[in-house]
Amino acid sequence: MSRPDRTSAIVTGAAGGLGRAVVARFLETGLGVAALDIDADGLEELAKEYPTANLECIPTDVTDFVALTAAVEHAQLTLGQPLVLVNNAGLIDQAAYLTDLDDEVWELEHAVHATASFHLTKLCLPDMQAARWGRIVNVSSVAASMGDVAHAAYSAAKAALLGLTRATALENAKYGITANAVLPGMIQTPACGRIRADVRARVEAATAMKRSGQPDEVASAVQYFASEAASYVTGQFITVDGGLGLFVF
């Protein structure tokens, strides 16, 4: 079955580097997009960039279930059924070794990366199941499979997304809904720019391609999973990391 008419997409973390690239890709295909982010100024810039597009920028704290519910309802009313969901909201600035990791940081990382994705998936599934069509793409991280020094909470929360992805895929295949995940490596975004230069250089040196990735290279994978081309692909993960960690001679 092809994508139903008047379908919209919800993209969280839409004001960040990866989110903006995903929004741009979807708008190019004519898909209406509800762009969610806690960064209201960033969303305002996004709206100015696409003044005539079928785009709704909705300032939203993804850890607030009431706000998420309102955002989904707004998307339904203004753009149509949110049958494409990209759970991309995230944060990477909460560095701490395990012995210094506060409960509050652990809980925040899980709230933003895992719990918010669970809530949005649950909110969007009824429309997807009724339409017997849906695409869910969770943006995880190579840290989910490789771990990350001083980012145990981040790694664990991103790994939780992988479990959520496969459980969602298993439960909803009968409705024509797919659920997949993208695992980016070091990508040149504003968030990446806040990582120490020596750490970035070390990670780039460990990739087969000897460079960081571009947001659009991740957006390409997200767009694929959301497209008709991936109609028979579900419960799968694509790593977009330039070959980070490969054994290269």
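Predicted model: local features only at pLDDT ≥ 70, side-chain atom pairs only at ≥ 80, totals over all residues.
A salt bridge here is a side-chain nitrogen of Lys or Arg within 4 Å of a carboxyl oxygen of Asp or Glu.

**View 1. A salt bridge joins Arg 20 and Glu 49.** The two side chains meet at 2.6 Å, N to O. Arg 20 sits in helix 1 (residues 17–28) and Glu 49 in helix 2, so that the pair, 29 residues apart, links distant parts of the chain. The structure holds 6 salt bridges, and this pair is one of them.

**View 2. Strand 2, helix 2 and strand 3 build a right-handed β-α-β unit.** Helix 2 covers residues 40–49. To find your bearings, look for Ala 35, whose bridge partner in strand 3 is Cys 57.

**View 3. Acidic side chains form a negative surface patch.** Its members are Asp 100, Asp 102, Asp 103, Glu 104 and Glu 107. Of these, Glu 107 has its place in helix 4 (residues 103–131).

Methods: Residues numbered from 1 in each chain as written. Heavy atoms only, no water. Pairing = 2+ DSSP bridges. Helix = DSSP H or I, 4+ residues; strand = E, 2+ residues; numbered from the N terminus. Right-handed = clockwise from strand over helix to strand, strands pointing away. Patch = residues over 30% accessible without salt bridge, like charges linked within 9 Å, V, L, I, M, F, W, Y side chains within 5 Å. Areas by Shrake-Rupley, 256 points an atom, 1.4 Å probe, with all protein chains shown as cover. Lys, Arg positive; Asp, Glu negative; His and termini not counted. Charge placed at Lys NZ, Arg CZ, Asp CG, Glu CD.
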